[in-house]
Amino acid sequence: MSKVSELFGIPVQGITPGVAGEILRCQECPYTETKCFKVRKSEPEISIGTCAVKHGRKNRDIIICPNRMLQKKQIFLDCIHLLTKHEPGNEFHIVSEIKVPGGSVDYFLVSAKNGKARDFAGIEVQTLDTTGTAWPERQRLLQKQGIEIDNSAVESTRRFGMNWKMTAKTALVQIHHKIDTFEHSGKCLILVIQNCLLDYMQREFDFGHLSDSGKIGDSMHIHSYALRTESKNYTIALDQRLSTDAKGVAACLGLKRDAKMDLARLLKEIEQRLSGETLLTLI
């Protein structure tokens, strides 16, 4: 059994010789409709395309690319209820990569009218980082479909693993650095992760004080998603919602920090980025 679960958005059981040739030719991510950004350092013209892999004794399907979480834009739709100032008639926009103290925020879900942001929420997406390399597994999968592959990669004994600790700690520290800006502005920051990563965080960090209902009014939310199989295809589904505030995030880590951006400055950054290209569409 291949350790690759999904390649360029195609479940491994759906990869035939014809499909393999086509996805290698296009190298396209179906979730962004752009070329897969994950490339080999030694061959940057080649996209790796590995969205999810099987790992552990139970061969659990684990998402290793953040763009995989963008399927059907469900993660954005699941945050709409947190825009409490949204009104019928407003447009939804998705604005990516705005800098705040502590780093850039992956996405902003914005409710806007006449080019003015009426409400917004920040969304951070974190998937598991791997150790080692899944390249030999990818190459063996393709060779079985008749694709000509360099034997050195196919015969390689190099393996991959999951960097659970570093992934979890990095995500929580980054959230801690950014949450003050959102809380100061009366807005929400949502961390989107797979349910297996949330399970790890709950075991290794102090999560006992988090609300398990995703409470409206809390500044920091966690949305965890399950990767399920439906008709031989993979789909993500909201699995659990948790929430807390800035102090609660600090309590998770035992850290303290005071860094925030003024609301007016943040609104200006958002409104400068609104355009037809950022408009949230459902197709």
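1. Aromatic pairs. The count comes to five aromatic pairs, where rings of Phe, Tyr and Trp (its six-membered ring) pair if their centres lie within 6.5 Å. This is a predicted model: local features need pLDDT of at least 70, side-chain atom pairs count only at pLDDT 80 or more, and totals for chains, interfaces and linings use all residues. Residues are numbered from 1 along each chain as its sequence is written, and side-chain values use heavy atoms, with hydrogens and water left out.

2. Phenylalanine 76 with tyrosine 107. This aromatic pair is edge-to-face, at 5.3 Å centre to centre and 80 degrees between the planes. For the labels, planes under 30 degrees apart count as stacked, over 60 as edge-to-face and the rest as tilted. Phenylalanine 76 sits in helix H2 (residues 74–77) and tyrosine 107 in strand S8 (residues 103–113), so the pair ties together parts 31 residues apart in sequence. Helices (H or I, at least four residues) and strands (E, at least two) are DSSP runs, numbered from the N terminus. Phenylalanine 76 counts as buried at 4% relative accessibility. Tyrosine 107 is buried too, at 16%. Buried means under 20% relative accessible area, exposed over 50%, partly exposed in between (1.4 Å probe, protein chains only).

3. Phenylalanine 108 with phenylalanine 182. The ring centres are 5.8 Å apart and the planes are at 25 degrees, so this pair is stacked. It links distant parts of the chain: phenylalanine 108 is in strand S8 and phenylalanine 182 in helix H5, 74 residues apart. Phenylalanine 108 has a relative accessible area of 0% and is buried. Phenylalanine 182 is likewise buried, at 0%. Ring pairs join Phe108, Phe120 and Phe182 into a cluster.

4. Helix H5 against helix H7. H5 (residues 164–185) and H7 (residues 246–253) pack at about 165 degrees, with axes 9 Å apart. Axes are lines fitted to C-alpha atoms, for helices over the stretch in contact, and angles run from 0 to 180 degrees between N-to-C directions. H5 is therefore roughly antiparallel to H7 (an angle over 145 degrees). From H5, the contact takes in Leu172, Val173, Ile175, His176, Ile179, Asp180 and Glu183; from H7, Ala246, Val249, Ala250 and Leu253. Contact means heavy atoms within 4.5 Å. By class, there are eight nonpolar, one polar and two charged residues. Ala, Val, Leu, Ile, Met, Phe, Trp, Tyr, Cys and Pro count as nonpolar, Asp, Glu, Lys and Arg as charged, and the others, Gly among them, as polar.

5. Glutamine 194. This residue is in strand S12 (residues 188–194). Glutamine 194 is buried, at 3% relative accessible area. Leaving aside neighbours within four places in sequence, its contacts include Asp61, Gln126, Ser224 and Tyr225.

How values were computed: Parallel < 35°, antiparallel > 145°, perpendicular 65-115°, else oblique.
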